[in-house]
Amino acid sequence: MSLRIEFSAADLAKITISRTPDPFWEVLLALHLINARPVSAAFQQWTGPVPITTATKRLLALAPPRGYSPDFLTPAEGAGGVDAGIDAIMSTPRSQLRREIGKLQAGRSATGSWLGDLADGDKAALGGIAKAIRDFHRAVLEPRWQMLQATVASDRARRAETLMNRGIAGLFDALHPSLRWRPPVLELTGQHVDGELRLAGRGLRLIPSFFCYGAPTVLEDDSLPPVLVYPVNEIPGWLEPVGEPDDRTALVALLGPTRAKVLVAAADGCTTTELGRRAGISPASASYHATVLREAGLVTTRRNGMSVRHDLTALGLAVLDRRLPN
C-alpha cells in the first residue's frame, strides 16, 4: 500500500520544516507506544512511570498503536504551543468529531458513553480529553522537552543543509526509506497509508518527531493543513523483540539504547563531537546524554582548551564490563 502526495510548483515553494517538536503529535505518538505490546525498556526509560487514570485510559482508547487515530487530537494550531492547541481542540466542529469518532469505532470494540458524548461535541467530554492531554504532556513530555527540542533542532539543521545542497530530491531521498520522490509525486509506502493527497497549493509541513517510530505518518483528512510527520534518524525503533536477555540487552534495558551507545563510545575518552560521531547522534544529544551519565556517576567531564572531554569513572567502567567481553 502507498500514499501518493502530489506537488505543484507552488507546493514545492511552501515546504516547511518544524523548528520545534509538535507537542500534540508527540503526545499522540507516545500514547501509541504506551499502547503497544510489548513496550520496550528503552521507551519506559524515556517516559518513566505513566499514571493510568480514567482520563489516561480514554486517551489510550483514542490512540491505538495501529490503525486510525482522530485528527482532532493533533491540530495545526499545536505548532504554536500547548495552549493554542488545546483551544483548537475545544473548538473542534461537532461534524468533525462525529465523523472521526465514528471512524474510530468502525470495526473496533471501542465503546463507552463518553465516546458518544465526545462525538456529540459535549463540552465536558471534550474538556476532559483536553485536560488529559495537558496532564499527559506535563507529566511525561515537559521533563524531557529540552532533549526533544535539541534532537529536533539537530535534525532540522541537517535537513535544511541537505535541502540547500541537494535540493528537494535530496531532502526527500534522505528523509526516510519508505519515501520515494518521483517528481511531482512523493510516494509513502506502508500498511498504514493508501490513496492520494493533493496539496493543491497548500504546501507541506514536515514535522520531525522524537516518538514517531516505524514509518512517517500523515493526517487522515486531506482537507486539513497537510503534514508529514517523520522519525528523527538518531532515535532507534522503540519496540524490541521479546527474547532471552544478553549483555547488550541488559545494558540497553538499564540505560536506554542511545545512552548505552554513549557509554560505550566514551570508553577510551573523547570530546563531545567525537562522542556524537561514535554514537551516531548529534553533538547536542551527546552532550545531554553525557550530562545524565555524569550525574549518575558514570562519566566525568572536564574542559580541555576549547573542547570538553568525557571519560568513564570507575563505576562507569564497572557497568560497561557487563557489556564488553573481558
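The largest pocket of this protein, seen here in a predicted model, has a volume of about 1,000 Å³. It is lined by 39 residues, and those closest to its centre are G67, H192, V193, T217 and V218. Sorted by class, the lining of this pocket contains 22 nonpolar, eight polar and nine charged residues. Several elements of the fold take part: helix 2, helix 6 (94-105) and strand 5 (195-198) each supply at least two residues of the lining. Helix 2 provides the largest share, with four residues.

A search of the whole structure for cavities of 30 Å³ or more finds one. The largest cavity holds about 30 Å³ of space. Its lining is made up of F24, V27, L28, L31, L59, L73 and I133. Which helix gives the most to this lining? Helix 2, which covers residues 23-35, gives the most, with four residues. The lining of the largest pocket, by contrast, includes eight polar and nine charged residues.

With these two spaces located, the whole protein can be described. The protein has 14 helices and 10 strands. Of its 326 residues, 48% are buried. Its accessible surface comes to about 15,500 Å², and carbon and sulfur atoms account for 53% of that area. The contacts can be described by distance along the chain.

A pair of residues gives another view of separation along the chain. A13 and R202 are 189 residues apart along the chain, yet their C-alpha atoms are separated by 9.7 Å. A13 belongs to helix 1, which covers residues 9-13. Is A13 buried or exposed? Its relative accessibility is 68%, so A13 counts as exposed, given that the cut-off for exposed is over 50%.

Three strands form an open sheet in the order 8-10-9, with antiparallel pairing. Strand 8 (270-271) and strand 9 (299-304) are at the edges with a single partner strand each, so one side of each has no neighbour in the sheet. Strand 9 and strand 10 (residues 307-312) run antiparallel and are joined by six bridges. Two pairs of residues show how these strands line up. T300 has D311 of strand 10 as its bridge partner, while N304 stands opposite S307 in strand 10. Strand 9 and strand 10 form a hairpin with two residues between the strands. Within this hairpin, G305 takes a positive phi near 70 degrees.

Key
Residues are numbered from 1 along each chain as its sequence is written. This is a predicted model: local features need pLDDT of at least 70, side-chain atom pairs count only at pLDDT 80 or more; totals for chains, interfaces and linings use all residues. Side-chain values use heavy atoms; hydrogens and water are left out. Buried means under 20% relative accessible area, exposed over 50%, partly exposed in between (1.4 Å probe, protein chains only). Accessible areas come from the Shrake-Rupley method with a 1.4 Å probe; for residues, only the protein chains shown count as cover. Two strands pair if DSSP finds at least two bridges between them. On a 1 Å grid over the protein atoms alone, a cavity is a set of points where a 1.4 Å probe fits but cannot get out, and a pocket is an open set with protein on both sides within 12 Å along at least five of seven lines; lining residues have an atom within 4 Å of a point. Grid points are joined across faces, edges and corners, and a volume is the space filled by probe spheres set on the points. Ala, Val, Leu, Ile, Met, Phe, Trp, Tyr, Cys and Pro count as nonpolar, Asp, Glu, Lys and Arg as charged, and the others, Gly among them, as polar.
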